[in-house]
Amino acid sequence: MDGGMQAPPPIPPDTGSGCHGGRETMLAAAKAAGKGETLERLIADYPRGPHDQPQSMCPAFGSLRVGLRMRRVATILSGSACCVYGLTFTSRFYGARRSVGYVPFNSETLVRGQLYEDIRAAVYETAKPADYDAVVIINLCVPTASGVPLDLLPKQIDGVRIIGIDVPGFGVPTHAEAKDVLAGAMLRAARAEAEAGPVARPRGPKSDLPTVALIGELFPADPMSIGGLLAPMGLAVAPSIPAREWRDLYGALDCDVAAAVHPFYIASVREFEAAGRPVVGSGPVGVEGTDAWLTAVGRAAGLPGSRIDAARDACLPALRGVLAGNRIDARITVSGYEGSELLVARLLIEAGADVPYVGTACPRTAWNEADRAWLADRGTHVQFRASLEQDLAAMQEVKPDLAIGTTPVVQKAKERGIPAVYFTNIMSSRPLFGIPGAAALASSIAAQTRGRERFARMVSFFGTAPEAAPAPAVAAPPVPINSLADSMGS
Ligand code: SF4
């Protein structure tokens, strides 16, 4: 079931083995240490872009967050102390109230293979069925590059699943995609269990209706409003992925259609397809997006046109009314790393905004292709794997009335007197889909852009901030939409 490991080759001391250096050396070390297949899978699932290393938070935070948000799941990190400090700090900042396990190492335990034995001991100590359904162990950069073989851990201990994943910054480009690394690994294990015999039902009342599993971390009200859109077709919403509980994984896999609302869940989609479930992309944003998405879902579920029309007729007139009542007369740039940037841009354009640029840290996939084409038809430049430099250049060239972006983009915009709000706050604090999404997002952005004259007056009163100065009070947003730096979401 499990066994010892070969002593991995030591990582040369001059690799600069952090987020911004030594990537090729780390890759070569990982391959030499037996992680070649794992890295090939990661690079195929999450192809890299113009920037090779994270320009936002450590990618592993995505996996950590998914683990920490699940009931009866313990999460253990294996990595350098500085990385673990940063990740646990960030998890607290984002509201985690759970302990994070940590298996420390030094060059001696790493080189001699003792780290694997320490991880194994920690997993056995943690895997108590009274406490947990699963234990997640995450290899960060150095243990991955050193070939610490989590695949040799037992698959279960007293019924507690052991999920070991490698999430190195030199193999997974964004924390968004790292969510998929863990979600996909859990789905794979759950699918194997479901194929082997009966499994537990998800909590709550069981619907007899065919279901749609939503893939992506959504605002809590979004699955409910999407359920309302689907109801006239006779469809219900299945548990979402990433799941909140192990048994929800079975419920999600038991769906009739999987909806890749966030388009970067490549490993998760692979599991739904292996389970024989059709997958649709994009999401129900605005009138045209909702129309196309309901049609795609209805067809994938094998429903007659009359049922699809019933769902469309039930929501599209109201959506038109909401968007007509919240017009946005402004030029806006959008950049972020959540994976929903294209959907947000679609909704803004339907509300009347001019959106010449959308930058996303996530890659182009089959599941955002319809959104990319829709935006391109309207003259929007969509930059996948956008670097910070590309986002800044676009913002400076376009000189938008409002920049929706990441922390450094927002900072730069404010220095130039351009109103700006954090993308992640927009996503985390309001719905995006269906009628609630149109009402909440369009109305709040409309309010932001109405405040631009007030912002310009403030900038002219206080003067332009010097380039290197810390963010001054004048850099506060015109209305209280962004209360914390890139808070929540993520
Ligand atoms: S684990 Fe994260 S923080 Fe640590 S070096 Fe890798 S990418 Fe950077």
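Q: Why is the passage of helix 2 past helix 3 called a right-handed crossing?
A: A crossing is right-handed if the near helix is turned clockwise from the far one by less than a right angle, and left-handed if the turn is anticlockwise. Helix 2 passes helix 3 in the right-handed way. The structure is a predicted model, in which local features need pLDDT of at least 70 and side-chain atom pairs count only at pLDDT 80 or more, while totals for chains, interfaces and linings use all residues. Residues are numbered from 1 along each chain as its sequence is written.

Q: What makes helix 2 oblique to helix 3?
A: Helix 2 (residues 60-68) and helix 3 pack at an angle of about 50°, with their axes 10 Å apart. The axes are lines fitted to C-alpha atoms over the stretch in contact, and angles run from 0 to 180 degrees between N-to-C directions. Angles under 35 degrees count as roughly parallel, over 145 as roughly antiparallel, 65 to 115 as roughly perpendicular and the rest as oblique. Helix 2 is therefore oblique to helix 3.

Q: Which residues of helix 2 meet which residues of helix 3?
A: A60, F61, L64, R65 and L68 in helix 2 meet L87, T90 and S91 in helix 3. Contact requires C-beta atoms, placed from the backbone, within 7 Å of each other.

Q: How do you know that strand 1 and strand 3 pair?
A: Two strands pair if DSSP finds at least two bridges between them. Six bridges join strand 1 to strand 3 (residues 134-139), and these strands run parallel. One of the bridge partners is A134 in strand 3, for V73. Strands (E, at least two residues) and helices (H or I, at least four) are DSSP runs numbered from the N terminus.

Q: How many bridges join strand 1 and strand 2, and in which sense do they pair?
A: Strand 1 pairs with strand 2 (residues 101-102) in the parallel sense over two bridges. I76 has G101 in strand 2 as its bridge partner. From strand 1 the chain crosses through helix 3 (residues 81-93) to strand 2 in a right-handed β-α-β crossover. The crossover is so called if, with the strands pointing away from the viewer, the path from the first strand over the helix to the second runs clockwise.

Q: Why is S282 called buried?
A: A residue is buried if 20 or more other C-beta atoms, placed from the backbone, lie within 10 Å of its own, exposed if 12 or fewer, and partly exposed in between. S282 has 24 within 10 Å, and therefore counts as buried. S282 lies in the loop between strand 9 (279-280) and helix 11 (286-300).

Q: Why does K399 count as partly exposed?
A: K399 has 13 C-beta neighbours inside 10 Å, so it counts as partly exposed. K399 lies in the loop between helix 15 (388-398) and strand 13.

Q: What makes D208 exposed?
A: D208 has 6 other C-beta atoms within 10 Å, and therefore it is exposed. D208 sits in the loop between helix 7 (175-196) and strand 6 (211-214).

Q: Why is one side of strand 12 and of strand 14 left without a neighbour in the sheet?
A: Five strands form an open, parallel sheet in the order 12-11-10-13-14. Strand 12 (381-383) and strand 14 (420-422) stand at the edges, each with a single partner strand, so one side of each has no neighbour in the sheet. The twist averages 15° from one strand to the next.

How values were computed. Contact = placed C-beta atoms within 7 Å.
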